[in-house]
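Subject: Structure handover

Hello,

Here is the structure you are taking over. Notes on what was found in it follow below.

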Amino acid sequence: MKRFLAAVGVCMLTALPAQAEQFVTVLTGGTSGVYYPLGVALSGIYGKAIPGAKVTVQATKASVENLNLLQSERGEIAFSLGDSLSGAWKGDEEAGFKTKLTKLRTVAAIYPNYIQIVASKDSGVKTLADLKGKRVSVGAPKSGTELNARAIFAAAGLGYKDFAKTEYLPFAESVDLIKNRQIDATLISAGLGVAAIKDLATSQDITIVSIPADVIQKVGDPAYIAETIPANSYSGQSEPVPTAAVRNLLVTHSGVSDDAVYAMTKAMFENLDAMGAAHAAAKQIKLDATTLQSPVPLHPGAEKFYKEKGLM
């Protein structure tokens, strides 16, 4: 009898539903960019807001790698540039996507990435045309930044062959080469106040190169918009600089549950102060109609949140 009761007790215990552990990997970018600190902030928010969540942050080569990782379900949420996301949805092989990434789903359009071309003062580079014959870093190969570089330089009538040397390096490494006089300029696509440019501007005189509106129009992609880098965004930059910008998005995949995506979407918008504290770029995140603008369908979990807020 005792054995029978013990066996019943074991069955009852095993029948009780255990709280499922929710794994959330946040795919970001290089540690000297904007995605990484924002990803760290998100991980803290999610860890508190999602019961049983085990949240990790992964540094990556940013947009293109992030989207490919999501398609293979090796992450739950990621940062991406809008033009990269568009290329992924279309299966643009030239942009780094061998097939259409059909599992991708949008969580939110967030803040704009400013395309910031920075040159050492000593290089004499003041305009896009001045980059011809110079040594230039264009971002990690097939990263969102490098895709921006191709588009902007092509619209300005420049190709990589026009540079004396082309380096394919992330932000921090590019800035180090400028400091060491090994290259003249780099293109960095990131939120305003990106650490790499701040670091360079405090160590030497720099020039932020203007991207005129007519060049942006020649790109021929609505993802590219005209913006201005405000005066004094960086040390020694006393005048506003016209440039291009591309919207950033948070992206997930169709295999992530509706409940999890709803919780992640809600938690971020309820903790925008924490995001803004992690990096000033996040202060531009707003819950409005632009939040829903994406080349990729919204995840049903995100839709549920936006419907509750009256945006859909």
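Helices here are DSSP runs of H or I with at least four residues, numbered from the N terminus. The model is a predicted one.

Helix H5 covers residues 144-155, and both Glu146 and Arg150 lie in it, four residues apart, or about one turn of the helix. Their side chains meet in a salt bridge, with 2.9 Å from N to O. Glu146 is buried, because its relative accessibility is 2% and the limit for buried is under 20%. Arg150 has a relative accessible area of 23% and is partly exposed.

Arg150 also forms a salt bridge with Glu94, where the closest N and O atoms are 3.1 Å apart.

The domains

The protein chain is divided into domain 1 (22-110 + 248-309) and domain 2 (113-246). The centres of the two domains, taken over C-alpha atoms, are separated by 25 Å. In the contact between them, 19 residues of domain 1 meet 23 residues of domain 2. About 1,400 Å² is buried between domain 1 and domain 2, and 54% of that is on carbon and sulfur atoms. Of the area that domain 1 buries against domain 2, 35% comes from Ser32, Leu81 and Asp83, more than from any other three residues.

Between the two domains there is one salt bridge, and seven residue pairs are in polar contact. On the side of domain 1 that touches domain 2, the elements giving two or more residues are helix H3 (63-71) and helix H4 (82-90). H4 gives the most, with three residues. The residues on this side of domain 1 divide into six nonpolar, nine polar and four charged.

Other salt bridges

The whole structure holds nine salt bridges. One of them joins the side chains of Lys103 and Glu73, at 3.5 Å from N to O. Lys103 is in the loop between H4 and strand S4 (104-120) and Glu73 in the loop between H3 and strand S3 (77-81), so this pair ties together parts that are 30 residues apart in sequence. Lys103 is partly exposed, at 30% relative accessible area, and Glu73 is partly exposed, at 40%.

Another salt bridge is formed by the side chains of Glu303 and Lys307, at 3.9 Å from N to O. Both residues lie in helix H11 (residues 300-308), four residues apart, about one turn of the helix. Glu303 is partly exposed at 25% relative accessibility, and Lys307 is partly exposed with a relative accessible area of 49%.

Regards

Technical notes:
Residues are numbered from 1 along each chain as its sequence is written. This is a predicted model: local features need pLDDT of at least 70, side-chain atom pairs count only at pLDDT 80 or more; totals for chains, interfaces and linings use all residues. Side-chain values use heavy atoms; hydrogens and water are left out. Domain bounds come from an automatic or database domain assignment. Contact means heavy atoms within 4.5 Å. Buried area is the accessible area (1.4 Å probe) that two parts lose on being put together, summed over both. A salt bridge is a side-chain nitrogen of Lys or Arg within 4 Å of a carboxyl oxygen of Asp or Glu. A polar contact is a pair of N or O atoms within 3.5 Å; within protein, one must be able to donate a hydrogen and the other to accept it, and residues adjacent in sequence count only if both atoms are side-chain atoms. Ala, Val, Leu, Ile, Met, Phe, Trp, Tyr, Cys and Pro count as nonpolar, Asp, Glu, Lys and Arg as charged, and the others, Gly among them, as polar. Buried means under 20% relative accessible area, exposed over 50%, partly exposed in between (1.4 Å probe, protein chains only).
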